[in-house]
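Trainee: I am new to this structure. Please pick one residue and take me through its surroundings closely.

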Amino acid sequence: SDVASFDGSSSLVYRLSVRQTLPAMEVISLKFKTLTNSGTLLHAEGQRDHSLTLVLEKGRLLLYHQQG
């Protein structure tokens with residue numbers, strides 16, 4: 001496994017592979033360790049305005065999913 005550290009203003013970009021076969025599926029496993037109880041942990045955007053955002057808000061984990 002790899003470890004990445006962020007200072008609050010940095011980010012990591014992961015581009016999904018383009019596949020011709022459907023359904024396309026990517027599996028990503030993440031572990032988070034934070035110094036604060038609020039912030040965006042993950043934001044992903046797909047085609048046709050699909051997005052997925054994982055937010056830590058006052059210690060609560062919130063998942064937002066938007067379909068275009």
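Mentor: Take Thr-53, which lies in strand β2, residues 51-57. Strands here are DSSP runs of E of at least two residues, numbered from the N terminus. A word on the source: this is a predicted model, where local features need pLDDT of at least 70, side-chain atom pairs count only at pLDDT 80 or more, and totals for chains, interfaces and linings use all residues. Residues are numbered from 1 along each chain as its sequence is written, and side-chain values use heavy atoms, with hydrogens and water left out.

Thr-53 has a relative accessible area of 13%, so Thr-53 counts as buried. Buried means under 20% relative accessible area, exposed over 50%, and partly exposed in between, with a 1.4 Å probe and protein chains only. Of the chain's 68 residues, 9% count as buried.

Now look at what surrounds Thr-53. Leaving aside neighbours within four places in sequence, Thr-53 touches Thr-40, Leu-42, His-43, Leu-62, Leu-63 and Tyr-64. Contact here means heavy atoms within 4.5 Å.

Step back to the whole chain. It holds three strands and zero helices. Along the sequence, the pattern reads β-β-β. Among contacts between residues at least 6 apart in sequence, 0% join residues at least 24 apart.

Methods. Helix = DSSP H or I, 4+ residues; strand = E, 2+ residues; numbered from the N terminus.
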